[in-house]
Amino acid sequence: MRRWGKEKGHDLYRTKDGVKFKKIASPVLDPMPMQITDVIHVPGIGIMSLWFAGNYQNGPHSSWGLLTSADNGHTWKQRTVERDLEKTDWPTEQAGVWLEKGRILVVARSEGAGHQFQITSNDSGATWKRTKMNITDVNASTPSLILDPNTGRLWNYYYHRGAKKMKRRIVDAEYIFDHPMEWPEPETLAEGHEERSYDAGNVNATTFGGQHFLATYTGSENNTSVVVVSVKGE
């Protein structure tokens, strides 16, 4: 959870039932991330989250990297992967999945570059390769990934701000790992009703009982709703 007031920081909470939460960590971080993304379980490492830091302005002000924990989230180590990035080279709001054999696949949004980024690692996060993707129907579109480890299918959910469309693309994770410019055409799942482009977006997807549940927001500056779309995971 991000704290963004007089005392900026990030806290990690754990819950067993979704009702009661216990804070287990408040790491001291430098650089201070703008956001820390979802936890990935990486064998031999523990748990991992990606972060990004910057001010959304032009100029070499931005960075991103990793947080890793070997004790189930109580203590964390921070590492910067890329620093001094221009805004259009800055991968933000990353979503990642573990593909076994040391491979991690990450999709990130871009700030004004007109495409999403694909970032991959073959060595459990020791080194990374970042490249642009052929997903260009975006406008600061935050990705959310779901992987079916039994079939290897990977779903990339995102909201095309301005066009007012919630979309997904489905690929074989093994193939797309080395072919970031070959994502298939998108499927439109729902439409929003934002008055301005940034009054909607930021899909967050999860899976339960064979269904994918996609939370996003849409509306106006003074009247915005959080909505959930349910689709079959197929």
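This is a predicted model: local features need pLDDT of at least 70, side-chain atom pairs count only at pLDDT 80 or more; totals for chains, interfaces and linings use all residues.
1. Two strands are taken as paired if DSSP finds at least two bridges between them, and strands themselves are DSSP runs of E with at least two residues, numbered from the N terminus.

2. Residues are numbered from 1 along each chain as its sequence is written, and side-chain values use heavy atoms, with hydrogens and water left out.

3. An open sheet is built from 4 strands in the order β10-β11-β12-β13, with antiparallel pairing. Because β10 and β13 (129-132) stand at the edges with a single partner strand each, one side of each is left without a neighbour in the sheet. On average, neighbouring strands of this sheet are turned by 20 degrees against each other, direction ignored, where the axes are lines fitted to C-alpha atoms. Within the sheet, β11 (residues 104-109) and β12 (residues 117-121) run antiparallel and are joined by 5 bridges, and valine 106 stands opposite isoleucine 119 in β12.

4. The largest pocket holds about 1,400 Å³ of space. A pocket here is an open set of points on a 1 Å grid over the protein atoms alone, where a 1.4 Å probe fits, with protein on both sides within 12 Å along at least five of seven lines, and lining residues have an atom within 4 Å of a point; the volume is the space filled by probe spheres set on the points. The lining of the largest pocket comprises 43 residues, and Ile36, Thr37, Asp38, Val39 and Asn204 lie nearest the centre. Strands that each supply at least two residues of this lining include β7 (46-53), β10 (92-98) and β18 (201-208). By residue class, the lining divides into 24 nonpolar, 14 polar and 5 charged, with Gly counted as polar and Tyr, Cys and Pro among the nonpolar.

5. Aromatic rings of Phe, Tyr and Trp (its six-membered ring) pair if their centres lie within 6.5 Å, and planes under 30 degrees apart count as stacked, over 60 as edge-to-face and the rest as tilted. The count by this rule is 3 aromatic pairs. The rings of tryptophan 64 and tryptophan 128 have centres 6.0 Å apart and planes at 80 degrees, so this pair is edge-to-face. The pair links distant parts of the chain, 64 residues apart, with tryptophan 64 in strand β8 (residues 62-69) and tryptophan 128 in the loop between β12 and β13. Both tryptophan 64 and tryptophan 128 are buried (buried means under 20% relative accessible area, exposed over 50%, and partly exposed in between, with a 1.4 Å probe and protein chains only). Elsewhere, ring pairs link Phe52, Tyr56 and Trp90 into a cluster.

6. Most residues other than glycine have a negative phi, and most peptide bonds are trans. Aspartate 30 and proline 31 are joined by a cis peptide bond, with omega about 5 degrees, and proline 31 is found in the loop between β4 (21-25) and β5. Asparagine 72, although not a glycine, has a positive phi of about 60 degrees; this residue is placed in the loop between β8 and β9 (77-85) and counts as partly exposed at 47% relative accessibility. Alanine 140 also has a positive phi, near 50 degrees; alanine 140 lies in the loop between β13 and β14 and is buried, with a relative accessible area of 8%.

Key. Axes are lines fitted to C-alpha atoms, for helices over the stretch in contact, and angles run from 0 to 180 degrees between N-to-C directions.
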